[in-house]
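Please look at the structure below with its sequence beside it, and keep both in view while you read.

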Amino acid sequence: EDAAAKAMEMYDADGDGFIAGEELDNSPALKASMETLDTDGDGKVSESEIEARILVWQETRAGLTAIRCKVTVDGRSLEDATVTFEPEEFLGDAIQTAFGKTNFAGLAAPKIPKEMRPTPDTPPGIQLGLYKVKISKLVNGKETIPSRFNEETILGQQIAMDDPEIIEQKLVFEIKSK
């Protein structure tokens with residue numbers, strides 16, 4: 001219920017009542033969601049816009065949804081990488097982290113692990129929400145993906161039925177090795 005207020009507390013560094021400019025860089029998920037989040041088109045996010053967005057998700061009554069994403073590195077499909085959708089901290093404990101492993105074509109279908117789903121027979125998928133996206137590929141115990149795409153990620157994504165990338169099924173993370 002207080003997720004929007006928590007978001008402002010976490011990211012509105014200058015206390016002006018908006019998350020904008022460099023403040024958005026600290027929340028990759030908010031930044032990636034501006035198309036549907038910034039309803040008045042002022043380039044800033046307010047507490048009321050975040051509240052309204054959360055209400056849209058709740059009104060869909062979707063518990064989980066299935067998505068696919070594609071990961072490329074330097075224009076080539078990334079195979080055998082872990083893609084983690086980590087919910088924004090301000091959303092609280094109700095939204096669970098989802099994981100996927102890329103195949104030979106760089107495609108992954110992130111899911112909440114079975115033991116974390118509401119019930120054992122809940123189908124696989126991901127919850128609606130705002131996520132930091134982390135991409136990791138270990139080779140011989142060493143991370144091969146730059147930290148700006150995993151531990152210090154700049155990647156974010158909104159999972160919502162009206163998000164353009166979800167609607168068009170064109171959720172692509174194009175990362176650079178350098």
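Is Lys6 buried, partly exposed or exposed? With a relative accessible area of 34%, Lys6 is partly exposed, where buried means under 20% relative accessible area, exposed means over 50% and partly exposed lies in between, all with a 1.4 Å probe and protein chains only. This is a predicted model, in which local features need pLDDT of at least 70 and side-chain atom pairs count only at pLDDT 80 or more, while totals for chains, interfaces and linings use all residues. Residues are numbered from 1 along each chain as its sequence is written, and side-chain values use heavy atoms, with hydrogens and water left out.

Side chains of opposite charge can pair when their charged atoms come close. A salt bridge is counted where a side-chain nitrogen of Lys or Arg is within 4 Å of a carboxyl oxygen of Asp or Glu, and by this rule there are five salt bridges. One of them joins Lys6 to Asp2, with the closest N and O atoms 3.8 Å apart; Asp2 is partly exposed, at a relative accessible area of 44%. Another brings together the side chains of Lys31 and Asp25, at 2.4 Å from N to O, and here Lys31 is partly exposed at 45%, as Asp25 is at 41%. In a further salt bridge the side chains of Glu86 and Lys134 meet at 3.1 Å, N to O. Because Glu86 lies in strand E5 and Lys134 in strand E8 (residues 129–136), this pair ties together parts that are 48 residues apart in sequence; helices (H or I, at least four residues) and strands (E, at least two) are DSSP runs, numbered from the N terminus. Glu86 counts as partly exposed at 27% relative accessibility, whereas Lys134 is buried at 15%.

From charges we can turn to rings. Rings of Phe, Tyr and Trp (its six-membered ring) form an aromatic pair if their centres lie within 6.5 Å, and the pair is called stacked when the planes are under 30 degrees apart, edge-to-face when they are over 60, and tilted for the rest. The structure holds three aromatic pairs. In one of them, Tyr11 and Phe90 are edge-to-face, with 6.3 Å from centre to centre and 85° between the planes. Tyr11 lies in helix H1 (residues 3–11) and Phe90 in the loop between strand E5 (82–87) and strand E6 (98–101), so the pair ties together parts that are 79 residues apart in sequence. Both partners are away from the surface by the rule given above, since Tyr11 counts as buried at 6% relative accessibility and Phe90 is buried at 2%. Phe85 and Phe173 also form an edge-to-face pair, because their ring centres are 6.2 Å apart and their planes are at 65°. As Phe85 lies in strand E5 and Phe173 in strand E12 (residues 172–175), the pair ties together parts that are 88 residues apart in sequence. Phe85 is buried, with a relative accessible area of 0%, and Phe173 counts as buried at 5%. Ring pairs link Phe85, Tyr131 and Phe173 into a cluster.

Next come the open spaces. Rolling a probe the size of a water molecule over the atoms shows where empty space is left. On a 1 Å grid over the protein atoms alone, a pocket is an open set of points where a 1.4 Å probe fits, with protein on both sides within 12 Å along at least five of seven lines, and lining residues have an atom within 4 Å of a point. The largest pocket has a volume of about 520 Å³, a volume being the space filled by probe spheres set on the points, which are joined across faces, edges and corners. Of its 19 lining residues, the closest to the centre are Ile54, Trp57, Gln58, Ala94 and Ile95. Helix H5 (47–60) gives the largest share of this lining, five residues.The second largest pocket has a volume of about 190 Å³, and its lining includes Gln169 and Lys170.

Two backbone angles remain. Gln169 has a positive phi of about 50° although it is not a glycine, and Gln169 lies in the loop between H6 and E12, where it counts as exposed at 69% relative accessibility. Asp74 also has a positive phi, near 50°, in a residue other than glycine; Asp74 is placed in the loop between E3 and strand E4 (76–77) and counts as partly exposed at 42%.
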